[in-house]
Amino acid sequence: MPENSSHKPARAAASKSASTASKAAAGADDPADPPAGWTPTPEAKATATRFRWIAAVLWAVAIAAEAVGIFWLLRQRQYVGEDGTLVRNPDTGLLEQQGATATFPQWAFITLIALFVVIAALSITGSFLWKKANRLDPARRSDTVRFFVQNQLGAIIAIIAFVPLIIMVFLNKDMSKGQKTTAGIVGIVLAALAVVLGIDFKPSSVEQYTADQSTVIQLLGQDKVVWVDGGTVYHVCEQVSAIQTGSDKRTGTTAQAVEAGKTRLTLEFASELRKCGLAVPENSPAIADALRAIRDGKTDTTLPAPVWANASDAPITVPDAPSSGNEPAPTSTP
């Protein structure tokens, strides 16, 4: 066994040659393998687009509600002592009601608190839908700016929808100290909640899904996994205890598993392979560590190729692509 065999990148795992070989291994009844590189199913793509449009509408309404609060609600005032004596202001030449005091109406104060709650509900609901869309149709981690903006947009919108309104509350000259304190605390607490819930602390990526897909193909010879309703992972074997829940077992490609809400391959794939009587790579811990690192955002991690005790154990053989990129890769053999 070559010394560096466990460090070879599995670049061609989802290539056309791998697809052909895995189809042959899977048989006529198995789902066809996807082309090179992970892509969402058309249904998942459509659902993600719908979620994003709904989130965008909710966020737009939240920002519009903020504008109503700034440009209309906070300008409401009522005067106390309007029956005072008229006097002329020598600095402006205008008549003023001596003894009249402008205050912020109680109805406007209550409406402002309610407005904060409505903005928070709209912002948080939009963030949840947006994060669901990103699970179904993620961005590439290699596209750094887009990856950050797409995954943290919920938190960004929450800041936009709250901060200007909170600032204007504290700058309002007609509100009493108690009104400012109460409205300010409510606004800051709801803003913090919306920002935290809008952050995606473990965003999915195309690279993560591709690494999981490549691992499945190299371990099984085809892109075919099993899952049940509930949970977030899919499995390589249907005899494992994790899916003996009484729920219907579902099988399909890794993209179909993601469409069903399963965002990753279980890292216990080695024990699952043993449970089903399938060959287990000698370097399965290294493969699991690489998958974990890729999910954690490590962009320089190489996915090791499986190292088999016997060459006949390999369900599929996928050669490395030529370094020049100009020569066609050899045809893989089962």
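Reader: Which residue does Asp200 meet in a salt bridge?

Author: Bear in mind that this is a predicted model. Asp200 sits in the loop between α5 and α6, while its partner belongs to helix α3, so the pair ties together parts that are 65 residues apart in sequence. The two side chains come to 2.7 Å, N to O. The partner is Arg135.

Reader: Is Asp200 buried or exposed?

Author: Buried means under 20% relative accessible area. Asp200 has a value of 5%, whereas Arg135, at 25%, is partly exposed. So the label for Asp200 is buried.

Reader: What else does Asp200 touch, and which backbone nitrogen lies 3.3 Å from a polar atom of its side chain?

Author: Leaving out residues up to four places away in sequence, Asp200 touches Lys131, Arg135, Asn151 and Gln152. A polar atom of the Asp200 side chain also lies 3.3 Å from a backbone nitrogen. That nitrogen belongs to Lys202.

Reader: How many residues apart in sequence are the parts tied together by Asp212 and Arg295?

Author: Their side chains meet in a salt bridge at 3.0 Å, N to O, and both residues are buried. Asp212 lies in helix α6 and Arg295 in helix α9, so the parts they tie together are separated in sequence by 83 residues.

Reader: And what separates Arg292 and Asp289 in helix α9?

Author: Those two form a salt bridge as well, with the closest N and O atoms 3.0 Å apart. Arg292 is partly exposed at 38%, and Asp289 is partly exposed at 46%. Because they are 3 residues apart in helix α9, the separation is about one helical turn.

Reader: How many salt bridges does a search of the whole structure find?

Author: Some salt bridges are linked in a network, which takes in Lys45, Arg52 and Asp137. Searching the whole structure gives a total of 7.

Reader: Where is Asn172, and which backbone nitrogen lies 3.0 Å from its side chain?

Author: Asn172 has its place in the loop between α4 and α5, and counts as buried at 8% relative accessibility. Asn172 touches Leu74 and Lys180, not counting residues up to four places away in sequence.

Reader: What about accessible area: how much does the nonpolar patch with Met168 have on the surface?

Author: Met168 is found in helix α4 and is partly exposed at 33%. The patch is formed by Met168 with Ile159, Val163, Ile167 and Leu171. Together they have about 420 Å².

Technical notes. Residues numbered from 1 in each chain as written. Predicted model: local features only at pLDDT ≥ 70, side-chain atom pairs only at ≥ 80, totals over all residues. Heavy atoms only, no water. Patch = residues over 30% accessible without salt bridge, like charges linked within 9 Å, V, L, I, M, F, W, Y side chains within 5 Å. Areas by Shrake-Rupley, 256 points an atom, 1.4 Å probe, with all protein chains shown as cover. Salt bridge = Lys/Arg side-chain N within 4 Å of Asp/Glu carboxyl O. Helix = DSSP H or I, 4+ residues; strand = E, 2+ residues; numbered from the N terminus. Buried < 20%, exposed > 50% of the residue type's maximum accessible area, 1.4 Å probe, protein only. Contact = heavy atoms within 4.5 Å. Polar contact = N/O pair within 3.5 Å; in protein donor to acceptor, adjacent residues only side chain to side chain.
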